[in-house]
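Visitor: I'd like to learn how to read a few features off a model. Can you walk me through some?

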Amino acid sequence: MTSVFTDPTELILEISAASHSEAWQQSQAHSTSDRRWCAYLNRICLDAILDSTQTDWVPEPTIAMTALPAIWEVVSGSLISLGKIRVALIPSETIDDHELAVPQEWVDIPSWAADYYFAIQVKPEEDEVRVWGYTTDQDLKTFGQYDAFDRTYCLDASHLTRDLAAFWVTSQFCQDQTRVAVAPLPAMNPIQAETLLQRLSQPSQRFPRLAIPFSIWGALIENEQWRQTLYQQRANPQRSVQSRASVNLRQWFEDQYEAGWQALESLFGTGASVAFSTRTLANTPEVQGAKLIDLGMQLDSQSLVLLIALIPEANQMMNVQVQLHPVPAERYLPAQVKLALLDESDDLLQAVQARQHDDYVQLSFQAEVGEGFRLQVGLNELQITEQFTI
Amino acid sequence: MRPRQEIIELFSTFAQFESDHFRQWLSDSKLRRNIERCLADLAEPLSENFWALYWHRSWQHQPTPLARLHLSAYLQEPCYWAAQKTLTRFTNVQYRLADYFQMAIATIEPILEGFQPERSSSLKTYASMMFLSRVKDLLRRSKEADICTRWSLLRKISKKTVLEVLHHVGLLAPQIEQYRLAWMCFNAVYVQTQPRGTQKLADPDRALWRDIADLYNAQRSQLTLPGSPCDAATIEQWLTSLSTRVRQYLYPTLASLNALNPDGETMPELPDHSSDSLMAQLIAQEEHQIRSNQQAQMQTVLLTALQQLDASTQELVKLYYQQGLSQQQIMQMLKMSQPSVSRRLAKSREALLSALVQWSQDSLNISVTSNLVKEMSAALEEWLQIRYGELISK
């Protein structure tokens with residue numbers, strides 16, 4: 001196993017057959033095969049490092065992060081603690097030892113930042129995990145270069161310490177060195193999070209960590225609950241995405257919108273909305289709300305507009321009109337797109353499907369105040385479901 | 001190989017090989033004239049170490065070919081030493097002594113860049129160590145690349161290598177970005193689906209290339225110049241040529257031995273500011289003296305620490321560092337398992353480094369930082385690889 005090239009300065013750990021199969025089993029619940037492979041490599045790496053039969057580390061290392069599969073669904077790396085010292089494990093399969101590329105999450109998210117960063121080569125075919133170098137957070141920030149393309153901090157190998165013995169001695173002698181504080185990320189409100197989660201859960205989002213500005217992304221995944229939600233929605237798509245919260249429609253009369261819904265004027269500006277309302281709705285509605293629905297790659301990243309108009313009637317009843325439009329730039333809806341109305345037990349009440357050149361499709365119904373219903377927008381196998389309460 | 005002694009010879013002659021053996025030292029007339037001129041200005045003779053540092057400083061301030069060639073001539077022995085060590089340690093029928101020598105001397109620039117006089121005992125010992133480790137890295141990389149197909153190689157190569165290759169080929173920034181994105185999409189789609197890589201990943205088929213192209217087209221809005229959508233054939237072509245170049249880049253190129261022989265090249269005469277830099281160098285010489293004393297103290301600390309280890313571990317350290325045996329050879333000789341050998345060597349290095357750091361803290365009154373430990377680790381490595389070995393011959 002130890003090849004002729006092994007240096008006593010490196011730390012070589014063995015991967016047992018049991019470790020392989022366990023890690024593989026634990027890494028299956030992910031959205032795509034590359035995320036599965038990433039989780040597998042990270043799991044092997046972490047298990048090897050924590051294996052006390054191979055590494056007699058004092059103090060014993062412990063995992064310092066929660067919801068690891070949720071992390072590995074979107075970014076590689078993990079975090080361990082050795083007493084007060086936090087070490088980020090950065091595994092990869094690269095064979096050329098040219099640099100250490102640390103994803104930005106492990107540097108700029110305050111609760112994820114580490115004191116040391118380990119450069120690790122995982123060799124599954126050779127049953128080997130090789131820790132070939134490390135750096136301190138200071139050196140990474142001083143000598144590392146930030147690459148905005150893939151949002152990593154990259155440190156040339158010439159700045160890495162190749163001798164793991166130096167890590168041990170440093171950790172023994174420098175117990176009290178404090179890490180440079182990382183600025184906290186701007187707080188995120190749950191509504192914003194909800195919208196982002198729905199958007200980033202789409203299978204079309206192959207690189208969610210690059211899709212939105214980092215400060216927003218970091219705030220989203222730093223929160224364990226949101227991170228878990230994102231993971232669950234991505235990993236178990238069932239080809240449908242459902243909003244967790246029920247949208248309270250009555251609040252629209254008080255000009256309060258939630259979960260990605262907006263007054264029509266806010267979404268498209270007064271010019272466009274005038275064109276919408278005169279073109280589409282027969283009676284003058286009391287209130288309207290609109291939301292952009294993203295069916296992602298199914299529609300070449302085109303969005304659709306789901307429009308709901310509410311007209312109060314006598315006896316606590318509400319007349320609801322639902323329309324599905326393309327965005328103002330487009331003339332027609334994509335063919336085959338479906339709009340469906342379901343009740344709270346998911347029974348289908350009404351459905352309508354767009355034909356080749358439809359401007360919009362529409363459903364209307366009456367519901368009692370306090371009743372709930374669901375709307376589904378679907379194309380091919382992908383569906384998005386929104387839940388409402390009158 | 002006859003080791004050189006004279007200053008003029010040291011800085012103006014190169015090793016010539018004939019059918020894998022050292023044959024003779026070839027002199028370069030221009031270098032020789034330059035050295036003779038420098039020496040003529042001085043009243044008293046100065047050590048080879050002084051000149052090594054002088055030319056290194058000269059090269060740092062003005063990286064002229066002349067300075068580099070003087071240093072290249074000087075470092076022929078360390079290079080030879082590294083080539084020999086490589087030959088004995090790594091039995092590889094493909095390469096011979098002259099090849100290893102060539103591989104090593106080709107890495108001289110980064111070595112000169114990395115040399116810090118305050119930290120090493122001498123340029124020669126630093127270079128010896130670095131030549132050896134660089135050739136080893138080269139061999140390891142090419143060995144790992146050997147067992148890869150062109151596609152698995154693309155998966156296992158660093159981003160830095162990819163970018164260097166793309167620059168080297170002469171692509172402009174927007175194109176480099178496109179290739180990068182294509183490579184990123186390739187890595188997201190062409191993935192192992194079995195643990196442990198038991199099943200060799202098949203080459204990408206047409207369907208896979210289409211998936212990669214689709215992903216590329218969906219993502220290309222993030223490029224500074226998105227360009228038009230790419231079809232599968234284009235993506236395949238890009239990545240095929242990238243993988244070819246990457247493989248070429250990883251393998252040691254063995255240019256002809258005469259490439260280093262500078263005769264025939266016209267070189268500018270070095271402008272004469274020898275006097276001020278000589279003065280600076282003389283001062284540095286004094287600092288060097290202080291460092292030499294420190295080196296002697298360090299040696300004592302390390303030898304003492306070595307004796308604290310148990311007998312079999314001491315034996316192990318001797319076999320590995322002094323006699324240059326491989327871990328496999330040691331394993332057979334001492335009847336130990338390989339992990340056991342590795343672990344003991346690692347532990348003994350920790351103990352030695354600890355002793356060195358403790359000594360720095362106590363005698364030199366330096367507070368311990370991660371940087372200090374890093375420096376001590378480099379000093380330890382130098383001592384183990386070079387100076388410890390020299391102790392037998394003395």
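Visitor: How many bridges join strand S8 (residues 145-147) of chain A to S9(A)?

Guide: First, the ground rules. This is a predicted model, where local features need pLDDT of at least 70, side-chain atom pairs count only at pLDDT 80 or more, and totals for chains, interfaces and linings use all residues. Residues are numbered from 1 along each chain as its sequence is written, with chains lettered from A and ligands numbered from 1 in the order in which they are written. Strands are DSSP runs (E, at least two residues; helices are H or I, at least four), numbered from the N terminus, and two strands pair if DSSP finds at least two bridges between them. Here 3 bridges link S8(A) to S9(A), and the strands run antiparallel. A:Asp147 has A:Thr152 as its bridge partner. Their hairpin has 4 residues between the strands, and in it A:Arg151 takes a positive phi near 55 degrees.

Visitor: Which strand pairs with S9(A) over 5 bridges?

Guide: That's S5(A), residues 99-103, again in the antiparallel sense.

Visitor: Which residues of H15(B) are buried?

Guide: An α-helix has 3.6 residues a turn, so residues three or four places apart point the same way. In H15(B), the buried ones are B:Leu316, B:Val317, B:Tyr320 and B:Tyr321. On the other side, B:Ala311 and B:Ser312 are exposed.

Terms used. A residue is buried if 20 or more other C-beta atoms lie within 10 Å of its own, exposed if 12 or fewer, and partly exposed in between; C-beta atoms are placed from the backbone.
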